Amino acid sequence: RGPSEAVGLLAGNLAVGLSYGWWVDKHNRHHANPNHEDEDPDVGAGALVWTYEQALDTRGFGRWLARRQAYLFFPMLLLEGLNLHVASIRAIIGREPDGRFRTPMRHRRIEALLLGVHTAGYLAALLLAMSPGKALLFAAVHQGLWGLYMGCSFAPNHKGMPMPTADDELDFLRKQVLTSRNVRGGGLVDVALGGLNYQIEHHLFPNMPRANLRRAQPIVRAYCAERGIPYAETGLVDSYRQALAHLHEVGRPLRG
């Protein structure tokens, strides 16, 4: 655990500007109840909506956005990088009314220090290499493309898959498999998606080293077939099509 946390802090906070502690907390809650509207932070109502109920609760600009969210999905991902940075800062300093920190974090001071060093180093490197105007433009393009890449890496995993409710009594196997989607594509997709294309195996065995997920896949797929459990697997382009189709369908009541 120690070496893993050290690498997470260096890669996340220092290199990328993303809070490792915030990510771990959010990711653990997602794994505990994937695609559950009330429990999974990844499908909570926000800039995008994932259920009819969330869509009907929107007002003003949020409702205008929900009507068109399938068309605006990829352009909106250009802002995801900025959103991740802001969420990281909020997680480190955000408190409840009673003074407690809102997000549990094991190394809060270290994370704050590393985020500060990242920000100062990032800005200094840009300003030393180019004029302020060019630095601002470079940062906008860089952060926009990073957000797009991050969003495109996570969108195929669960979007458009079943969304269990409190009334659904699913065991661990079904809770993880039925809500997840694998993406085919060979070595190139393995590298581009960082192993997240084996999302079913990742959810069943979250501590398994990434390189072993593809080796576990035939065993898991055969076991699901033996148990009569649907095992979702598709190509990369079709995974985006399914995710966008779900977003478009959710906004249908508003377009009517």
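In the legends below, helices are DSSP runs of H or I spanning at least four residues, and they are numbered from the N terminus. The model shown is a predicted one.

**View 1. The end of helix H8 and the glycine that follows.** Helix H8 covers residues 132-158, and its 27 residues, at 1.5 Å a residue, should span 39 Å; the C-alpha atoms at its ends are 40 Å apart, which agrees with that expectation. Just after H8 comes Gly160, whose phi is positive, at about 90°. Cys152, whose number falls within the range 132-158 of H8, has a relative accessible area of 16% and is therefore buried, since buried means under 20%.

View 2. Leu10, Leu14, Leu113 and Val117 together make a nonpolar surface patch of about 350 Å². Helix H1 (2-16) and helix H7 (108-129) each contribute at least two residues to this patch. Leu10, which lies in helix H1, has a relative accessibility of 49% and so counts as partly exposed.

**View 3. Spans annotated as transmembrane.** An unreviewed UniProt entry lists residues 7-24, 70-92 and 112-130 under "transmembrane region". Residues 70-92, by comparison, are 91% helix and 0% strand, with end C-alpha atoms lying 32 Å apart.

View 4. Asp25 and Arg29 form a salt bridge in which the closest N and O atoms are 3.4 Å apart. The two residues both lie in helix H2 (residues 20-32), with a separation of 4 residues, or about one turn of the helix. An α-helix has 3.6 residues a turn, so residues three or four places apart point the same way. Arg29 counts as partly exposed because its relative accessibility is 40%.

**View 5. A salt bridge between a helix and a strand.** The side chains of Arg221 and Glu233 meet in a salt bridge, with a distance of 2.8 Å from N to O. Arg221 belongs to helix H12 (residues 210-227) and Glu233 to strand S2 (residues 233-234), so the pair ties together parts that are 12 residues apart in sequence. Arg221 has a relative accessible area of 34% and is therefore partly exposed, and Glu233, at 24% relative accessibility, counts as partly exposed too.

View 6. Arg241 pairs with Asp238 in a salt bridge whose closest N and O atoms are 2.6 Å apart. Helix H13 (residues 236-250) holds both partners, which are 3 residues apart, about one turn of the helix. With a relative accessible area of 49%, Arg241 is partly exposed, and Asp238 counts as partly exposed at 27% relative accessibility.

**View 7. A network of charged side chains.** Arg1, Glu5 and Arg106 are linked in a network of salt bridges. Side chains of opposite charge can pair when their charged atoms come close. Over the structure, the count comes to 10 salt bridges.

View 8. A search of the whole structure finds 0 disulfides.

Methods
Residues numbered from 1 in each chain as written. Predicted model: local features only at pLDDT ≥ 70, side-chain atom pairs only at ≥ 80, totals over all residues. Heavy atoms only, no water. Patch = residues over 30% accessible without salt bridge, like charges linked within 9 Å, V, L, I, M, F, W, Y side chains within 5 Å. Areas by Shrake-Rupley, 256 points an atom, 1.4 Å probe, with all protein chains shown as cover. Salt bridge = Lys/Arg side-chain N within 4 Å of Asp/Glu carboxyl O. Buried < 20%, exposed > 50% of the residue type's maximum accessible area, 1.4 Å probe, protein only. Disulfide = S-S within 2.5 Å. Expected span 1.5 Å × (residues − 1). UniProt positions renumbered as here; feature names shortened; annotations may be inferred.
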